[in-house]
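The structure is shown first.

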Amino acid sequence: VEQKKKVISYILLSNFAGRRGLLFFFAQQVSSHLVTLVSALGCFLWSNMALTALQVVQKQKENTAYAKKMVLRIAGLMGAGSGIAVIYIFGSNSVDEQGAKVRCFLYPVVVQQFRRTYKYFKDYRQMIIEPTSPKLLPDPLKEPYYQPPYTLVIELTDVLLHPEWSLVTGWRFKKRPGIDSLFQQLAPLYEIVIFTSETGMTAFPLIDSVDPHGFISYRLFRDATHYMDGHHVKDISCLNRDPAKVVVVDCKKEAFRLQPFNGMALKKWDGSSEDRTLFDLAAFLKTIALSGVEDVRTVLENYSMEDDPLEAFKRRQSQLEQEEQQRLADLSKNKKQQLFLGSLASRLWPRSKQQ
């Protein structure tokens, strides 16, 4: 009986072990198939998503290319329309005094339109590059009217005024200290001309504000300058004045590059209220006029190489004053010696004996 029990127990154990092994085997097989199935499903989903993304990108490229083509076509049509409108407007026939159109039969109508349009823009470009007139100022005044012997051509921006901008006030122009003194001292000696690279629309009211007493004789604006290498150049030969009597004051040497020895380049004003440049400038120009200089270019040429011409002028003036004081001191000393010797001689030799 015990042996049978042992045999039955061994049989039951082996059966249980076999079932567990079989279940474990089936579980491994199912799990491996599930992993394979999930990985295959993931690959399918990723490939589908990648394909969808490629299709979207391709569609976007096609849409972008189409949009570019449409934009280019529209731009081309607008450009062609604008060109035709420009040729039609600016190439129209000129009119005579009675208002009738002046017709030309030498060329076809289309060619005439093109020629007139080309001429219009050529003249407009020439107007920007060249001064509006070869004679920018009228002839000097004749007697009995008074014509100052010298002409001062001075810039407005950064020489007399300093532009400032803020979000609250916008553009404002600060008046440089010494403007009134400069005009009052130089008006009898110089014909004052404001020659600025600003437009007339901007500069005209500014000049009215800095010169309420009318010391400025003439006003010249951007359209009176030469446009050269990106700079507005002031040509002294177009002023209808003797170049030997013309002084140009600017903060840019390029402004008088055609006549470099007629100009004086000041430092650009930074808006400081402690600035004294215009007072020094008035003293310098007044010295030239009162000295009766025949050709101002000989004087300005000596200061052309200086970084600050007015400081150089003050330094030289100070040296001359010291030399003059020394000369006067020596002269006074010599006179005292002569008086001493004369008094000594009169004491040693009375007047009767000298006779």
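In this predicted model, the charged end of arginine 219 sits over the ring of phenylalanine 204, 4.5 Å from the ring centre. Arginine 316 has its charged end over the ring of tyrosine 303, 4.5 Å from the centre of that ring.

**Aromatic pairs**

A pair of aromatic rings is described by how far apart the centres are and by the angle of the planes. The model has 4 aromatic pairs. The rings of tyrosine 150 and tyrosine 190 have centres 5.5 Å apart and planes at 35°, so this pair is tilted; an angle under 30 degrees would count as stacked and one over 60 as edge-to-face. Tyrosine 150 belongs to strand E1 (residues 150–154) and tyrosine 190 to strand E4 (residues 190–195), so the pair ties together parts that are 40 residues apart in sequence. Tyrosine 150 has a relative accessibility of 3% and counts as buried. Tyrosine 190 is buried as well, with a relative accessible area of 1%.

Phenylalanine 284 and phenylalanine 313 make an edge-to-face pair, with 5.0 Å from centre to centre and 80° between the planes. This pair links distant parts of the chain: phenylalanine 284 is in helix H5 (residues 277–290) and phenylalanine 313 is in helix H7 (residues 309–348), 29 residues apart. Phenylalanine 284 and phenylalanine 313 are both buried. Ring pairs also join Phe284, Tyr303 and Phe313 into a cluster.

The two pairs described above are set out here.

| Pair | Centre distance | Angle of planes | Kind |
|---|---|---|---|
| Tyrosine 150 and tyrosine 190 | 5.5 Å | 35° | tilted |
| Phenylalanine 284 and phenylalanine 313 | 5.0 Å | 80° | edge-to-face |

**Helix faces**

An α-helix has 3.6 residues a turn, so residues three or four places apart point the same way. Which residues of helix H6 (residues 296–303) are buried? They include Val296, Val299, Leu300 and Tyr303. Seen down the axis of H6, the buried residues fall within an arc of 90°, so they line one face of the helix.

In helix H4 (residues 200–210), Ala203, Leu206, Ile207 and Val210 are buried. Their arc around the axis is only 105°, which puts them on the same side of H4. What covers the buried residues of H4 includes strand E2 (161–166), strand E3 (170–175), helix H3 (179–186), E4 and strand E5 (218–220).

**Backbone angles**

Most residues other than glycine have a negative phi, and most peptide bonds are trans. Where are the exceptions?

Glutamate 143 and proline 144 are joined by a cis peptide bond, with omega at about 10°. Proline 144 lies in the loop between helix H2 (109–129) and E1.

Aspartate 229 is not a glycine, yet has a positive phi of about 55°. Aspartate 229 is placed in the loop between strand E6 (226–228) and strand E7 (231–233). With 64% relative accessibility, aspartate 229 counts as exposed.

Asparagine 240 also has a positive phi, of about 65°, although it is not a glycine. The loop between E7 and strand E8 (246–250) holds asparagine 240. At 24% relative accessibility, asparagine 240 counts as partly exposed, because that class lies between the buried limit of 20% and the exposed limit of 50%.

Methods:
Residues numbered from 1 in each chain as written. Predicted model: local features only at pLDDT ≥ 70, side-chain atom pairs only at ≥ 80, totals over all residues. Heavy atoms only, no water. Phe/Tyr/Trp six-rings, centres within 6.5 Å; stacked < 30°, edge-to-face > 60°. Helix = DSSP H or I, 4+ residues; strand = E, 2+ residues; numbered from the N terminus. Buried < 20%, exposed > 50% of the residue type's maximum accessible area, 1.4 Å probe, protein only. Lys NZ or Arg CZ within 6 Å of the ring centre and 35° of its normal. Arc of directions from axis to C-beta. Contact = heavy atoms within 4.5 Å.
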